[in-house]
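Visitor: I'd like to learn how to read the strands, the domains and the chain interface in a model like this one. Could you take me through them?

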Amino acid sequence: MVQERIRKALALMLAAALALSMFGLTGCAADDGGETDGETTDGETTGGEVQTIKIGVQTALTGPLPDYGLAAKNGVELALEDFGTFEMDGTTYEVELVVLDDKAEPTESAVVAQTMADEGVVGVIGSLTTGATLSAIPIYFENRIPQISGSVTGPKANETGADTFFRTCWNDAVQGEALGVWAMELGAKKVVLMDDNGAYAVGLADVAEATLKAEGVETLRQNCQSGDKDLSAQVANIKEFGPDAVIFTGYHPEAGLLRKQMVEAGMADVIFMGGDGIRSAELVAQTGGEANAEGIYATFGGFPEEQQPGYAAFAAKYQEKYGEEVGPYAQNNYDAFGALIEAIKQAGSTDTEDIIAALQDLTYEGVTGTFGFATEAAGAVAKGDIVVEGLTPANVPRYVVKDGVWVSAE
Amino acid sequence: MSFDHIMSVTIGGLTVGMIYALIALGYTMVYGVLKFINFAHGEVFTVGGYVAAFTLLALGIDQNSPWTLVAGAVALALLAAVLVPMALGFVIERIAYRPLRGRSRIIPLLSAIGVSIVLQQLIIIIFGPKPVTIPTLAISSAAVSFFGVNIRVLALVIIAVSAALMIGLTYLVKSTRIGKAMRATSQDMEAAEMMGIDTNRTIAFTFLVGSALAGIGGLLVVMYYGSLKYDAGFLYGLKAFTSAVLGGIGNIPGAVVGAIVLGMTETYGVSVDLGFLAWFVVAGLALGLYVQMVKAPQRRLAHIADERRTAEYERSIMNVYRLAPYHGIKTLLAERTDALLSVSAAHGVRLMAGNVFLAVVAAVMFANASMRIDTRWQPVIAFAVLMVILMFRPSGILGEAVTEKV
């Protein structure tokens with residue numbers, strides 16, 4: 001009896017502690033808001049005050065693509081050092097980052113977006129992947145928070161045409177077309193297109209398939225699930241079809257497995273291509289070694305580094321701070337942050353409605369070049385897409401694995 | 001549809017199935033003894049794979065290493081992949097399950113889900129979120145030619161190892177002292193204790209064996225696919241658990257049979273054309289007809305009391321099965337004069353309806369013989385087949401393990 005009572009008391013205390021800790025957390029968040037408000041009024045009366053604004057970073061530090069997620073976060077953090085403090089109307093603004101992890105999952109992404117809105121951010125950099133962004137866009141739209149992604153390349157990302165969505169990387173429609181054109185340049189007559197059922201991969205494969213079919217190339221479509229280990233069914237199907245080229249539009253973990261299992265099934269000489277989802281240094285290890293990875297082609301959703309005006313300086317800073325090569329899309333995320341700050345300055349306000357309007361008219365000189373955002377959807381271009389001068393499917397950058405590293409395929 | 005294609009799909013499906021089997025054996029053994037599903041088992045498998053991979057990486061093995069070195073490293077990795085999961089399984093049982101023994105069955109189940117989540121996060125914290133990859137070794141890419149079809153030696157090793165472990169395990173449970181203790185514990189824990197069996201030790205032993213098998217599975221997956229991610233255990237665990245239920249939970253050969261059926265369905269469903277798949281439906285139809293024409297009437301006849309057993313009565317029972325559309329429906333519509341007869345009639349009509357359905361499905365499939373199912377349907381097909389099997393045979397293909405007399 002006594003034991004039972006002690007147990008009950010313990011359980012109650014634990015529950016109370018849990019409830020309290022949760023209260024404590026929300027309490028803190030509310031306090032933060034209060035302070036910011038206080039400083040605003042101070043700023044207006046005395047001038048020269050420091051005001052803190054929050055900018056969200058929605059990325060995926062765990063989940064299937066932690067290397068991409070970390071690169072995005074690094075890019076934003078570098079930009080924070082460069083643009084994180086600025087003056088506007090005599091007030092010094094300091095940006096505080098709110099970094100949240102959506103694990104590249106749609107459900108998690110919706111939670112993160114809601115948290116961002118509750119945190120009162122004036123803008124968000126992110127998210128990392130197209131699939132995860134789809135569920136965040138409506139929430140940011142509802143809450144009128146501008147969102148600039150540096151790596152969401154899926155054509156379907158902004159099908160709803162939300163005016164809060166912007167991106168500083170290219171739409172995959174460009175890459176899909178480029179992959180199709182490239183495969184034909186390489187002389188492929190039969191091509192397998194394979195995706196991982198994710199929004200990014202399906203969008204890319206659809207565009208590539210349409211491009212190939214329009215030119216009379218015979219195609220076969222295959223899919224797998226993200227996280228699949230065994231692709232023997234698909235590999236057997238591919239082998240039977242006997243293609244000249246396989247275009248895998250998903251990400252590198254499955255791409256590596258597919259390539260490895262294709263080589264093991266005696267298809268080492270079939271051209272293997274993919275979009276930017278496979279252009280990671282991780283791919284080489286995942287194919288089982290340099291020999292298997294040799295000659296894998298990938299397009300990329302941005303001009304080559306040497307054509308990006310600010311890249312050399314950016315890479316040097318990145319190297320110095322993180323001691324490693326620039327990760328995928330780091331500079332696009334850097335630009336996303338820079339563009340957001342520039343829009344705030346041009347709007348002359350931290351009101352999100354003003355920032356959204358300013359982003360639509362913005363022309364920004366970033367690391368990757370000078371760009372603006374599309375105000376209307378037109379053809380493959382969606383609302384909020386980056387607008388880059390002189391971009392065609394044929395000059396989309398091409399890469400190839402040589403001796404275990406990605407090099408330009410020109 | 002070439003022979004080449006069928007062979008590679010079959011070997012592929014068999015290999016996947018045997019990997020599921022290695023994990024499923026752990027689920028089924030623990031269930032057999034404790035009537036409890038150890039949801040943390042999938043994570044034990046992942047840990048086995050990670051430990052094996054990091055052992056290989058730490059030893060600096062690559063494709064240029066001499067084979068003696070590779071063999072030594074693989075042996076060491078195997079040792080690690082067995083011992084670490086065993087220790088983990090033991091600790092999990094000791095701290096998360098044993099204190100809850102004797103409580104309502106739902107409580108250790110929750111504890112198991114908790115352990116599973118904790119383990120997955122621990123793997124991320126200790127090893128990082130990136131998938132672990134090992135370099136391709138000659139041993140894992142070696143292939144033999146079989147009638148002109150290249151088959152990876154490792155696939156054969158996986159199949160052989162799983163089969164051998166299943167046989168060993170059956171022997172262990174059926175014919176050894178500890179196996180007897182396991183069966184006794186499974187039958188009645190209290191009675192077993194009164195008979196002087198240390199049930200705690202027996203249960204701990206069950207966990208040790210199950211975890212070791214999962215660890216071996218982890219090693220084989222890493223060697224075969226070359227990489228493993230921290231959340232792999234979830235999907236593998238789910239599918240292995242499914243296999244165990246499909247084969248009859250608690251039943252050791254059943255776990256392997258269920259795993260093979262699941263693995264084969266996954267690969268066959270999407271990589272052979274409907275004309276080939278239809279033959280499986282035809283086989284199902286043959287089985288269905290056998291049940292309708294022979295098995296079911298025989299079973300029913302065995303229920304007839306001796307005093308009623310007349311040749312005419314027997315014939316009318318046979319008729320409601322064999323000529324179900326006519327006699328069966330007639331009997332159903334007529335007044336219920338005889339309970340056994342009307343039950344048989346209803347059963348016969350149901351069986352016939354099932355067989356007609358299978359025949360229609362087969363005919364439709366043959367009519368579209370060259371069509372192939374989109375790979376997007378892979379999980380749908382696998383689980384549809386699973387549900388159909390369980391609908392007709394709720395206790396699994398080989399039946400749930402019935403505890404035999406010790």
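**Strands, domains and a chain interface**

Guide: Let's start with a pair of strands: strand 2 (residues 85-88) of chain A runs antiparallel to strand 3 of chain A, with four bridges between them. Strands here are DSSP runs of E of at least two residues, helices are runs of H or I of at least four, both numbered from the N terminus, and two strands pair if DSSP finds at least two bridges between them. Bear in mind that this is a predicted model, where local features need pLDDT of at least 70, side-chain atom pairs count only at pLDDT 80 or more, and totals for chains, interfaces and linings use all residues. Residues are numbered from 1 along each chain as its sequence is written, chains are lettered from A and ligands numbered from 1 in the order in which they are written, and side-chain values use heavy atoms, with hydrogens and water left out.

Visitor: Which residue of strand 3 of chain A is the bridge partner of A:Met88?

Guide: A:Thr91 is the partner of A:Met88. Strands 2 and 3 of chain A make a hairpin with two residues between them, and A:Asp89 in that turn has a positive phi of about 50 degrees.

Visitor: In what sense does strand 1 of chain A pair with strand 3 of chain A?

Guide: Parallel: strand 1 (residues 50-59) and strand 3 (residues 91-101) of chain A share 10 bridges. To find your place, look for A:Ile53, which sits opposite A:Val95 in strand 3 of chain A. As a general idea, side chains in a regular strand alternate between the two faces of the sheet.

Visitor: Now the domains. Where are the bounds in chain A?

Guide: Domain bounds come from an automatic or database domain assignment. For chain A, that gives domain 1 (48-170 + 309-373) and domain 2 (173-300 + 395-408). Their C-alpha centres lie 30 Å apart.

Visitor: How many residues of domain 1 of chain A are in contact with domain 2 of chain A?

Guide: Contact means heavy atoms within 4.5 Å. By that rule, 13 residues of domain 1 of chain A meet 21 residues of domain 2 of chain A. Buried area is the accessible area (1.4 Å probe) that two parts lose on being put together, summed over both. Here the two domains of chain A bury about 1300 Å², 64% of it on carbon and sulfur atoms. On the domain 1 side of chain A, A:Tyr68, A:Pro155 and A:Trp170 lose the most area to domain 2 of chain A, together 37% of what that side buries.

Visitor: And how many salt bridges link domain 1 of chain A and domain 2 of chain A?

Guide: A salt bridge needs a side-chain nitrogen of Lys or Arg within 4 Å of a carboxyl oxygen of Asp or Glu. Between these two domains of chain A the count is zero.

Visitor: What about the interface of chain A and chain B: how many salt bridges there?

Guide: Four, across the interface of chain A and chain B. A:Asp195 makes a salt bridge with B:Arg376, with the closest N and O atoms 3.7 Å apart. In all, 34 residues of chain A are in contact with 34 residues of chain B. The area buried between chain A and chain B is about 2800 Å², with 48% from carbon and sulfur atoms. A:Lys229, A:Glu240 and A:Glu264 supply 21% of the area chain A buries against chain B, more than any other three residues.
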